[in-house]
Amino acid sequence: MGDAVSSHTYTPKQRTHYRERLLRDLELFDHHLQEAEFMDEGSIGLELELNLVDDNMQPAPVGKDVLSELSDEYQSEIGSFNIEMNHPPLSISGDGLQKLHAGLDDRLETARTAARKAGANVAMIGTLPTLTTEFLSDPEWMTQENRYRALSNAVMEARGELVRIDIARQDRYLHDFEDIAPESACTSIQLHLQVAPNRFADAWNASQAIAGIQAAVSANSPLFAGYQLWHESRIPLFAQSIDTRTNELVNQGVRPRVWFGERWITSVFDLFEENVRYFSPLLPEARMASGSPIMDGENPALHYLNLQNGTVWRWNRPIYDPGTPQAHIRVENRLLPAGPTPADIVADAAFYYGLVKYLSNQARPVWSRLPFSDADANFKAGARDGLFARMKWPRVGKISVSELVCEHLLERSRRGLLALDVDKDLIETYLGIIEARTKSRQNGATWQLTALANTGGSNIEPDSPRRREAIARMLAAYLENQQTGEPVHTWSTKID
């Protein structure tokens with residue numbers, strides 16, 4: 001979905017031609033995997049989605065104006081009140097984590113300066129808590145680009161019904177939308193891990209195995225449209241926003257386009273093959289119409305396969321990049337929310353990269369002992385209950401996520417980072433943030449919920465004027481704390 005598209009509607013003839021070329025791309029990818037040389041020198045990278053708010057903490061639909069002040073490291077998002085920041089790839093070894101932290105600080109300040117020129121502020125958070133159903137029902141919510149209109153049209157056409165959002169925990173939110181507007185509420189961090197093709201399956205399986213733990217430890221999306229929902233509400237909200245299935249198709253077992261998956265894999269090809277086998281094309285954009293090349297240097301660009309991959313939203317997505325001079329493969333870890341601070345983000349990244357390295361190198365990997373259904377259940381539990389979740393893990397059984405992280409996984413992540421030649425002091429700094437956050441049970445989600453309770457806005461009617469006012473006060477305090485750069489576990493929950 002990162003590429004521009006030429007239209008926002010497509011004909012049956014275009015869809016038929018696209019499918020034929022998609023199948024050809026899949027066969028070409030299979031051949032290329034077996035015959036070509038891929039980069040095997042690992043690197044890391046990051047994308048970060050940001051919200052724009054006005055002085056009253058309400059969404060500010062000025063993304064286009066903000067981007068006009070920024071370089072091509074920043075891009076539009078589907079919401080007119082969102083922008084995306086891209087950090088260039090780097091090596092994690094040595095002081096790589098420190099460079100990532102400094103790069104995030106610099107780019108975030110650049111975004112804030114551009115936002116101020118447009119009369120807005122930057123909010124780095126999983127779901128913007130001051131969004132309202134009314135705002136998301138107004139056409140102004142969407143960035144006016146073909147690719148976004150095309151995506152919304154395609155989802156609505158495939159679904160044939162209104163988009164129903166139904167999420168419940170402390171409160172229950174239930175509403176039908178005429179387009180995919182709730183998707184714009186979901187702002188995330190996307191961690192990239194480049195691996196050699198023959199190591200991809202191990203890295204992806206490891207990423208899937210720890211997805212629930214990541215969601216729990218880093219939850220930062222407990223509020224949507226004035227309602228207190230899952231600790232990481234962004235997970236069900238995103239899934240429901242672009243679900244192309246009616247209830248009948250769900251009952252028939254049709255796969256959702258926002259997908260955790262259903263099995264461990266043996267090759268990156270498994271995932272691309274599933275994309276073609278199970279999912280009808282949403283955006284059947286011809287290569288020439290999009291301006292995409294056949295080749296990128298000596299490697300096939302695989303326009304059709306990559307566009308299809310961009311419209312199947314796996315929480316751990318495979319990426320094929322033709323690159324120059326060599327192609328490369330990477331895992332895109334998409335399940336983390338934005339924020340709360342760059343220190344928290346780099347800590348999340350360190351925990352993830354270290355664990356994936358350690359688990360990928362085990363002689364008897366965790367996924368050989370963890371049923372895939374348990375990994376899926378862990379993911380849902382982590383998103384729903386955050387740091388209060390309980391999960392199943394090999395050898396220890398059902399365990400609180402706090403105990404699992406502190407007693408078992410932090411040491412494994414530490415060993416993985418050491419194997420990646422990360423500076424020891426940086427390992428202790430960033431994994432120390434994860435440990436303190438987990439032991440205190442204060443991540444972004446619990447801070448928001450506690451701070452909201454301290455305003456008196458928790459035990460009153462959802463989305464009432466008093467609840468809205470309390471949420472705005474909470475968000476203002478959140479942004480003040482965010483500006484300090486201090487990790488969220490150190491923040492006071494008192495609201496003036």
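**Close-up views of a predicted model**

Helix 14 is followed by Gly386, whose phi is positive, near 55 degrees. The model shown in these views is predicted.

View 1. Helix 14 covers residues 372-385. At 1.5 Å a residue, its 14 residues should span 20 Å, and the end C-alpha atoms do lie 20 Å apart. Of these 14 residues, 10 are buried, so helix 14 is largely enclosed by the rest of the structure. The buried set includes two Phe residues, Phe372 and Phe379. Asp374, Asp376 and Asp385 are buried too, as is Asn378. Ala375, Ala381, Gly382 and Ala383 complete the list. Among the elements that cover these buried residues are helix 6 (197-209), helix 7 (211-217) and helix 8 (234-241). Strand 15 (328-337) and strand 16 (390-393) also take part in the cover.

**View 2. An aromatic cluster that includes Phe372 and Phe379.** One aromatic cluster is formed by Phe238, Phe260, Trp264, Trp313, Trp315, Phe372 and Phe379. Phe372 and Phe379 are also buried residues of helix 14. The structure holds 20 aromatic pairs.

**View 3. The Tyr18 and Tyr304 pair.** The ring centres of Tyr18 and Tyr304 are 5.3 Å apart. Their planes stand at 70 degrees, so the pair is edge-to-face. This pair links distant parts of the chain: Tyr18 belongs to helix 1 (residues 12-35) and Tyr304 to helix 12 (residues 303-309), 286 residues apart. Tyr18 is buried, with a relative accessible area of 2%. Tyr304 is buried as well, at 9%.

**View 4. Arg255 over Tyr278.** The charged end of Arg255 sits over the ring of Tyr278. The distance to the ring centre is 3.7 Å.

**View 5. Ile213 in the largest nonpolar core.** This core has 162 residues. Phe29, Leu48 and Ile213 touch the most other members. Helix 13 (residues 342-360) gives the most to the core, with 12 residues. Leaving out residues up to four places away in sequence, Ile213 touches Phe351, Met391 and Trp393, along with Val401, Leu404, Val405 and Leu409.

**View 6. Leu223 in strand 8.** Strand 8 spans residues 223-224 and holds Leu223. Leu223 is buried, with a relative accessible area of 0%. Asp171 is 52 residues from Leu223 in sequence, and their C-alpha atoms are 9.8 Å apart in space.

View 7. Helix 3 runs over residues 96-117, 22 residues in total. From its first C-alpha to its last it reaches 32 Å, close to the 32 Å expected at 1.5 Å a residue. Its buried residues include Leu97, Leu100, Leu104 and Leu108. His101, Arg107 and Arg112 are buried as well. Just after helix 3, Gly119 takes a positive phi of about 75 degrees.

**View 8. The whole chain, for orientation.** The protein chain has 18 helices and 17 strands. Its C-alpha atoms fill a box of roughly 60 × 50 × 45 Å along the principal axes. For 496 residues, a compact globule would have a radius of gyration near 23 Å; the chain has 21 Å, which agrees. Buried residues make up 61% of the chain. Among contacts with a separation of 6 or more, 75% join residues 24 or more positions apart.

Key: Residues are numbered from 1 along each chain as its sequence is written. This is a predicted model: local features need pLDDT of at least 70, side-chain atom pairs count only at pLDDT 80 or more; totals for chains, interfaces and linings use all residues. Side-chain values use heavy atoms; hydrogens and water are left out. A nonpolar core is a set of buried Ala, Val, Leu, Ile, Met, Phe, Trp, Tyr and Cys residues joined through side-chain atoms within 4.5 Å. Buried means under 20% relative accessible area, exposed over 50%, partly exposed in between (1.4 Å probe, protein chains only). Helices (H or I, at least four residues) and strands (E, at least two) are DSSP runs, numbered from the N terminus. Contact means heavy atoms within 4.5 Å. The expected span of a helix is 1.5 Å times one less than its number of residues. Rings of Phe, Tyr and Trp (its six-membered ring) pair if their centres lie within 6.5 Å; planes under 30 degrees apart count as stacked, over 60 as edge-to-face and the rest as tilted. A charge sits over a ring if NZ of Lys or CZ of Arg is within 6 Å of the ring centre and within 35 degrees of the ring normal. The radius of gyration is taken over C-alpha atoms; the globule rule is 2.2 Å times the number of residues to the power 0.38.
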